[in-house]
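Good morning, and thank you for the time.

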Amino acid sequence: MMPADATASDAAPQGVYWHNWTDSKGVSHLTRCHFHRYILKSMSKPAGPQWQDRLPPGRTTIISTVQPAHWDGTWHPDPTVQWIIPLRGTWFVEAMDGTRVVMGPGDLSLGEDQMSRRDARGHIGHNAGNVGDGPVTLMVIQTDQAPTIDRPCRFQ
């Protein structure tokens, strides 16, 4: 639904995020996903319209974290379903299936590997760590959403 004053140049964008999800065997995976349900509207009139893709409502906890230089997160599941937004620096996430993604400012990750199970190598959830010699600043938005299984890209 596009307002009457929208133009062809206002085509709906496609936002991208990396989803760290778990399959029915307890193995975590990283899948590149797109937001698709954008609508053009004002968030607070009289501000002009902007593209919005609203996620399910719920309670959240917002955490700003700074991982020191050479931080090593080792293998662990996310504590809750959470959005992770790098603000400064570069870090990586590696899923149990071997997929490794390097992220920096402008990237977005959804951590949802709470249902993973320890494999024969002792890996569970995901491995994460800083890339390079500096600290990494992240904004983490923890949600009250229940974790799912076999639902990659569930927010599209």
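This is a predicted model: local features need pLDDT of at least 70, side-chain atom pairs count only at pLDDT 80 or more; totals for chains, interfaces and linings use all residues.

The lining of the second largest pocket comprises ten nonpolar, four polar and two charged residues.

The largest pocket, for its part, holds about 250 Å³ of space. Here 17 residues form the lining, with Gln-67, Trp-71, His-76, Gln-82 and Leu-138 nearest the centre. By class, ten of the lining residues are nonpolar, six are polar and one is charged. Which strands supply at least two residues each to this lining? They are β5, β6, which spans 82–88, β10 and β11. The greatest contribution comes from β5, with four residues.

That brings me to the sheet. Strands of a sheet pair through backbone hydrogen bonds, in either a parallel or an antiparallel sense. In this model, six strands make up an open sheet, ordered β2-β1-β9-β6-β11-β5, with mixed pairing. At its edges stand β2, residues 28–34, and β5, residues 60–67, each of which pairs on one side only. On average, neighbouring strands of the sheet are turned by 25° against each other, direction ignored.

I turn now to charged pairs. Side chains of opposite charge can pair when their charged atoms come close. How many salt bridges does the model contain? The count comes to two. One joins the side chains of Glu-112 and Arg-154, at 3.1 Å from N to O. Glu-112 lies in the loop between β9 (109–111) and β10 (126–131), whereas Arg-154 belongs to the segment after β11, so the bridge ties together parts that are 42 residues apart in sequence. Are the two partners buried or exposed? Glu-112 has a relative accessible area of 0% and is therefore buried. Arg-154, at 14% relative accessibility, also counts as buried.

The other salt bridge links Asp-119 and Arg-121, whose closest N and O atoms are 3.0 Å apart. In this pair, Asp-119 is partly exposed, at 23% relative accessibility, while Arg-121 is exposed, at 56%.

Finally, some points on backbone geometry. Most peptide bonds are trans, and most residues other than glycine have a negative phi. Against that background, the peptide bond from Lys-45 to Pro-46 is cis, with omega near 15°. Pro-46 sits in the loop between β3 (39–41) and β4 (50–52).

Positive phi values deserve a word as well. Asp-150, a residue other than glycine, has a phi near 60°. Asp-150 is located in the segment after β11, and at 40% relative accessibility it counts as partly exposed. Cys-153 is likewise not a glycine, yet has a positive phi of about 60°. Cys-153 too lies in the segment after β11, but with a relative accessible area of 10% it is buried.

I thank you for your attention and welcome any questions.

Methods
Residues are numbered from 1 along each chain as its sequence is written. Side-chain values use heavy atoms; hydrogens and water are left out. Two strands pair if DSSP finds at least two bridges between them. Axes are lines fitted to C-alpha atoms, for helices over the stretch in contact, and angles run from 0 to 180 degrees between N-to-C directions. A salt bridge is a side-chain nitrogen of Lys or Arg within 4 Å of a carboxyl oxygen of Asp or Glu. Buried means under 20% relative accessible area, exposed over 50%, partly exposed in between (1.4 Å probe, protein chains only). On a 1 Å grid over the protein atoms alone, a cavity is a set of points where a 1.4 Å probe fits but cannot get out, and a pocket is an open set with protein on both sides within 12 Å along at least five of seven lines; lining residues have an atom within 4 Å of a point. Grid points are joined across faces, edges and corners, and a volume is the space filled by probe spheres set on the points. Ala, Val, Leu, Ile, Met, Phe, Trp, Tyr, Cys and Pro count as nonpolar, Asp, Glu, Lys and Arg as charged, and the others, Gly among them, as polar.
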